[in-house]
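Let's read a structure together, one feature at a time. Have the sequence and the 3D view open as we go.

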Amino acid sequence: MKIEKLKFLLIFLMMSSMSFTACKDDDDDMQPMAEQPVDPDTAPKVSVDRFSDEAATLMMRSANPNLPAANSPINYDMPPFITKGLGPNGQMVEYYNFDVQPTDPAPIFVLFRQGESMPVDGQLNIIDVVPGDGGYNDFWHVHKVTVPADYTANVVTSRQEIIDKGYTIEATTTLVNCPVVSEGSIASKRMGGGTSGLIRGWYKDQVVLYFSFEEKNLMTTGSNMVPISPIYVTFNKNPDMNDPTSGPPSGFVTEMWSAQTHNVVATIPSDAGYSPLWSVSVYDNMDFDNVMDLSSAQNANVLAMGVANVNCPIVSVQ
């Protein structure tokens, strides 16, 4: 009997050991897996069309079939995307044309680890709208997102994930001018430093590409809007509601045998009130020869004031 009891005890102990081991393995399997980052090099890229009827105001492909197709590279170093104008004192200035933009900026989310003052190294900034989406703007209101101290770059790739994880979001007063464009686009000119290459970001788990213009540090207004500055322009055909070829479709008046316009900006980047979001006023093209600076533009026959706000970052002043 003692032998039989001993055998039973040994079998019980072996089965208990196996059961304990099995339970331990199950517990290990139930431990949460560390979230894996997304590789921007292999992630899909979002399709961008700045010239659709939904995205554009002045530069719609439906009105000008020569504009680049959706998702095709755009060379902003070529007309009609770059303009030679005049500064407030008659300086020669050059600026890019990124079409009409609202004064209400869109949010861009920049991630910071808890306790750190610099953004997470390698993490792409996150946006939630692209050209053609409601609420899109080339001007972005920077929002600081605080993530855990052990956060790995590019685990989070969308605004919705930021919200779902309950990360703290703090709106700053900083604005950045970063037009979203298609892959391969070029805008090589800059004033005041900053890269001229494309910068990558995240848009709903896809990679998005944008330029950055840093000719002036921008801040939101007291009502969290994009500040504006005046510009005076004139067209080959004065605007006429009965002539669809007048106004912007007719092009800016230029000096003979030159690309030089007499479009006059009220501020340049060294001025305190500078903003690349220009409030457009149109003066009579009969005054073209007389307009050479801000004072003469203001004294011209102004046909319409504040007709649109356009994003035109200045890239040179001579």
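Q: Where is Pro80 placed?
A: Pro80 sits in the loop between helix 1 (2-29) and strand 1. Helices (H or I, at least four residues) and strands (E, at least two) are DSSP runs, numbered from the N terminus. Before going on, note that this is a predicted model, where local features need pLDDT of at least 70, side-chain atom pairs count only at pLDDT 80 or more, and totals for chains, interfaces and linings use all residues. Residues are numbered from 1 along each chain as its sequence is written, and side-chain values use heavy atoms, with hydrogens and water left out.

Q: What kind of peptide bond joins Pro79 and Pro80?
A: As a general idea, most peptide bonds are trans, and most residues other than glycine have a negative phi. Here a cis peptide bond links Pro79 and Pro80, with omega about 5°.

Q: And what is phi of Asn71, and of Asn224?
A: Asn71 has a phi near 70°, a positive value in a residue other than glycine. Asn71 belongs to the loop between helix 1 and strand 1. For Asn224, phi is near 65°, again positive in a non-glycine residue, and its place is the loop between strand 10 (213-219) and strand 11.

Q: How do I read the order of strands in the open sheet?
A: Strands of a sheet pair through backbone hydrogen bonds, either parallel or antiparallel. Two strands count as paired if DSSP finds at least two bridges between them. In this model, 8 strands form an open sheet in the order 7-9-8-4-3-5-6-10, with mixed pairing. Its edge strands are strand 7 (180-181) and strand 10, each pairing on one side only. Strand 6 (residues 168-177) and strand 10 run antiparallel, joined by 3 bridges. Leu175 stands opposite Leu218 in strand 10.

Q: Which residues is Ser281 in contact with?
A: Contact means heavy atoms within 4.5 Å. Leaving aside neighbours within four places in sequence, Ser281 touches Ile231, Tyr232, Val233, Val302, Ala304, Met305 and Gly306. Ser281 lies in strand 13 and counts as buried, at 5% relative accessibility. Its side chain reaches the backbone nitrogen of Gly306 at 3.2 Å.

Q: What volume does the largest pocket have, and what lines it?
A: On a 1 Å grid over the protein atoms alone, a pocket is an open set of points with protein on both sides within 12 Å along at least five of seven lines, where a 1.4 Å probe fits; lining residues have an atom within 4 Å of a point. Volume is the space filled by probe spheres set on the points. The largest pocket has a volume of about 1,100 Å³. Its lining has 42 residues, with Phe235, Pro248, Pro249, Gly251 and Phe252 nearest the centre. Strand 14 gives the largest share, 4 residues.

Q: And what about the second largest pocket?
A: The second largest pocket holds about 230 Å³ of space. Of its 13 lining residues, Ile108, Val110, Asn125, Ile199 and Tyr210 are closest to the centre. Strand 3 (106-113) and strand 8 (199-203) are the elements that each give two or more residues to this lining.

How values were computed
Buried means under 20% relative accessible area, exposed over 50%, partly exposed in between (1.4 Å probe, protein chains only). A polar contact is a pair of N or O atoms within 3.5 Å; within protein, one must be able to donate a hydrogen and the other to accept it, and residues adjacent in sequence count only if both atoms are side-chain atoms.
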